[in-house]
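I opened the model this morning to look up a few strands, helices and cores. My notes follow.

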Amino acid sequence: MAKQFVIGLDIGTTSVKVVMFDLKGHVKAESETAYPLYYPYPVWVEQKPAEIMEAAISTIRNVMDQSRIKKEQLLGIGLSSAMHSLICVDRKGNPLSNSITWADGRSNEQAENLKASTKGTEIYLKTGTPIHPMSPLPKLIWMKENNYDAYQNANRFLSIKEFLIYKLFGRAVVDYSVASATGMFDLRTLDWDEEALKLAGISKDQLSTPVPPTEIISGLPEPVASEMGIAADTPFVMAGSDGPLANLGIGAIEPGEVAITIGTSGAIRQFASQPETDTLQQTFCYAFSENLSILGGPINNGGIVLKWVKDLFHEKDVPFEMLSEMAESVPAGSGGLLFHPYLNGERAPIWNADARGNFFGVNATHKKEHFIRAAMEGVIFSIYQVGEALERLAGPASKIYASGGFARSHVWLQILADIFNQEVQVPISHQSSAWGAAWTALFATGNVDSLEDIKESIPMKETIKPNSDNHERYAELYNIYKGVGESLSNYFTAVADFQKKNSN
């Protein structure tokens, strides 16, 4: 029986997504299982590793059942995951802590202190990971300084993907891009950085062995394979983190090809043939393979902004499609209403966990639809600002690809094209990270000749062309947006401190 299907497993912040593709990138079946975030203390954001493990197993089973294929037809499974998670485990890989996510802010003070030091700059230039509470390095420093029990008793420190692999296969391995996101991985040697480990108070043998994205893991225990509905000898491939895999899965591989992904949060990224960092520390640079690095910057506030606006205006029962229609009824620029979308602090390019959002330019003519459109425009202005920093290191964008939930909104895509003043290519499937992981599995198992060949196997949906009049309007507004943001930055910490003291 011919093997003709491949699975991409994408472990996200709020859910696990499993997508089965044929060899041309068409979706055969897909399933998604959500899991909760936990907030045991203010700014702590955690997940339960066992719940994610259970979700991964059951969702693979759902896809196998939905597809109705024979397990012998499955070529392999590629693994994608969100970055920056951290779990303390014992010798058997059992969790001593919850999985601490990228959104966790407990190590803000440690990150600020390190970022302000010469040592912090040196570590960033070597690792490419911005000094920020999102990454495991400041988290580990927080654990060390606060005598965190799980840290004191840990045998190993794993990401959520590593945890699944360790529990399922008994191997302590980590792909380059997940390792890069720790802030402790040297981009140029592709190994752990001793200086960073010293700051974290841990040793190299407490971390997994770094491996390339094509590393194959096999030997799934028969009971687990039966639960998943797959063969025990099905090859699992390490692949990478969701960022570079989204670029790969959308075809943004060559220099100048930029991928913009907006889901709950968002990011703009571009592959490069060598690592690029500078002392401004506005962007990230993570290793993907021996000869590919991914440059870019993430924003904290993407689709979550539209959900917030939806709730703010008591439109909980209104579908997001209707919000897009309301936004489309307003001319570009929202009548001079601007929104800085810093609902959850901000990462690139300002890297300020205390950043706070604001509407600026409100007047009596503005209605609900103006606020909705301004919120959508603010997210794209934020992405554009990161894009300016990325252009400094990687050069101008020659082609833009869009993926993620926002790509379901035509007006949001048009705003993107108009602000960047470039055509935007949109694939049929929004599961680009899963397809990137699946294609890496095909390459690792010898079923395709190269990673670059994926370009011939991405079903594209449409091309959004920019409106030059709208672009001129946005160019004028962006200068105001940027200037207002810079002026308000002096007050971010003051208002954040006030909010923390008066949260009840």
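Entry 1: I began with the hairpin, where three residues join β1 to β2. This is a predicted model, so I am reading positions from a prediction. β1 covers residues 5-11, and β2 covers residues 15-22. I looked up how the two pair. They run in the antiparallel sense, over seven bridges. F5 stands opposite D22 in β2.

I then checked for another partner of β1. Strand β5, residues 74-81, pairs with β1 in the parallel sense over six bridges. For G8, I found G78 of β5 as the bridge partner.

Is β1 mostly covered or open? Mostly covered: seven of its seven residues are buried. I sorted the residues by direction. F5, I7, L9 and I11 point one way, while V6, G8 and D10 point the other way. Both sets are buried.

**Entry 2: S80.** I stayed with β5, which holds S80. Its relative accessible area is 0%. The cut-off for buried is under 20%, so S80 counts as buried. I listed its contacts, skipping neighbours within four places in sequence. From β1 come L9, D10 and I11. The list also has K161, G240, S241, D242, L245, S433 and A437.

**Entry 3: the cores.** Which residues have the most contacts inside the largest nonpolar core? I found M184, I260 and F406, in a core of 118 residues. Helix α13, residues 368-394, gives the most to this core, with 12 residues.

Leaving out neighbours within four places in sequence, M184 is in contact with T127, L137 and L140, among others. Its list also includes D191, W192, D193, A196 and L197. A200, I202 and L207 are on it too.

**Entry 4: α13 against α14.** I came back to α13 and looked up how it sits against helix α14, residues 410-420. Two packed helices are described by the angle between their axes and the distance between the axes. Here the axes come within 10 Å and cross at roughly 45°. The two helices are therefore oblique to each other. I noted the crossing as right-handed.

Which residues of α13 meet α14? I wrote down R373, M376, E377, V379, I380, F381, I383 and Y384. On the α14 side they meet V411, W412, I415, L416, I419 and F420.

Technical notes: Residues are numbered from 1 along each chain as its sequence is written. This is a predicted model: local features need pLDDT of at least 70, side-chain atom pairs count only at pLDDT 80 or more; totals for chains, interfaces and linings use all residues. Side-chain values use heavy atoms; hydrogens and water are left out. A nonpolar core is a set of buried Ala, Val, Leu, Ile, Met, Phe, Trp, Tyr and Cys residues joined through side-chain atoms within 4.5 Å. Buried means under 20% relative accessible area, exposed over 50%, partly exposed in between (1.4 Å probe, protein chains only). Helices (H or I, at least four residues) and strands (E, at least two) are DSSP runs, numbered from the N terminus. Contact means heavy atoms within 4.5 Å. Two strands pair if DSSP finds at least two bridges between them. Axes are lines fitted to C-alpha atoms, for helices over the stretch in contact, and angles run from 0 to 180 degrees between N-to-C directions. Angles under 35 degrees count as roughly parallel, over 145 as roughly antiparallel, 65 to 115 as roughly perpendicular and the rest as oblique. A crossing is left-handed if the near helix is turned anticlockwise from the far one by less than a right angle, and right-handed if clockwise.
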